[in-house]
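Hi,

Here is the structure I promised to pass on to you.

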Amino acid sequence: MAPAQQSEQTVPQLFTELQKSVQKQDYDSVIKVSNRILHTKEGYNDPDALKCKTIAQIELEKYADAIKSLNQTENNLHFEKAYCFYRLQNNEKALDILEKFHDDEKCNDLRAQLYFRLERWEEAFEIYQDALRNTVDNFEPERIANMIACAAMVSQYRSGTVAEANLYY
């Protein structure tokens, strides 16, 4: 599309273009169109455009860029921000964000991964155990494997703990 046509597009037209890019999983285009939306008067700080941009950056493994985008405006994308810090190995920052803002299933799964990385295996074990008791989804086999890994670490490095007594959820 010619630059003159781009500037003449309305925000609804840009969202149509964004939707097409998302459906094609063309993440570079998603970022470009999202930026165009976010830089309009009508679309400034639009939460949907920001979320699309952030997810595209994550898909492209541009975690630092995603954090920078999220820091530029007020938003509710705390999980996504924590995930970016997790992927950048900034475990304490990721955990700090999760502990301040979220308590849902995906946040608990990420929190458990962080606890495991930080050798807080008992806490990770408890999250997996709770999830297996209270959640039915496609991640159950992964949670079982992760819970067993936590129990193995606890039994190898710490004796007489909660995880050893509760291995059978």
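First, some housekeeping. This is a predicted model, in which local features need pLDDT of at least 70 and side-chain atom pairs count only at pLDDT 80 or more, while totals for chains, interfaces and linings use all residues. Residues are numbered from 1 along each chain as its sequence is written, and side-chain values use heavy atoms, with hydrogens and water left out.

The big picture: the protein has 11 helices and 0 strands. Helices here are DSSP runs of H or I with at least four residues, strands are runs of E with at least two, and both are numbered from the N terminus. Of the 169 residues, 38% are buried. Buried means under 20% relative accessible area, exposed means over 50%, and partly exposed is in between (1.4 Å probe, protein chains only). If you take the contacts (heavy atoms within 4.5 Å) between residues at least 6 apart in sequence, 42% of them join residues at least 24 apart.

Now zoom in on helix H6, which covers residues 78-87. How many of its 10 residues are buried? The count is 7, so H6 is mostly covered. The buried ones are His78, Phe79, Glu80, Ala82, Cys84, Phe85 and Tyr86. What covers them includes helices H4 (47-59), H5 (63-71), H7 (91-101) and H8 (105-117). After H6 comes Gln89, with a positive phi near 70°.

Two of those neighbours deserve a look. H4 packs against H6 at an angle of about 20°, and their axes are 11 Å apart. For this, axes are lines fitted to C-alpha atoms, for helices over the stretch in contact, and angles run from 0 to 180 degrees between N-to-C directions. Angles under 35 degrees count as roughly parallel, over 145 as roughly antiparallel, 65 to 115 as roughly perpendicular and the rest as oblique, so H4 and H6 are roughly parallel. On the H4 side, Lys51, Thr54, Ile55 and Ile58 meet Glu80, Tyr83 and Cys84 of H6. Those contact residues split into 4 nonpolar, 1 polar and 2 charged. (Nonpolar is Ala, Val, Leu, Ile, Met, Phe, Trp, Tyr, Cys and Pro; charged is Asp, Glu, Lys and Arg; the others, Gly among them, are polar.)

H8 is the other neighbour. The axes of H6 and H8 come within 11 Å and cross at roughly 25°, which makes H6 roughly parallel to H8. Phe79, Glu80, Ala82, Tyr83 and Tyr86 of H6 make this contact with Lys106, Cys107, Leu110, Gln113, Leu114 and Arg117 of H8. The residues here divide into 7 nonpolar, 1 polar and 3 charged.

- Cys84 is buried, at 0% relative accessible area, whereas Cys52 is partly exposed at 26%. A search of the whole structure for disulfides (cysteine sulfur atoms within 2.5 Å) finds 0.
- Gln57 sits in H4 and is buried at 4% relative accessibility. Leaving out residues up to four places away in sequence, Gln57 touches Ile31, Lys62, Asp65, Ala66 and Ser69.
- Ala145 is in helix H10 (residues 140-157) and counts as partly exposed at 43%. Its C-alpha atom is 9.5 Å from that of Tyr128, 17 residues apart along the chain.

Cheers
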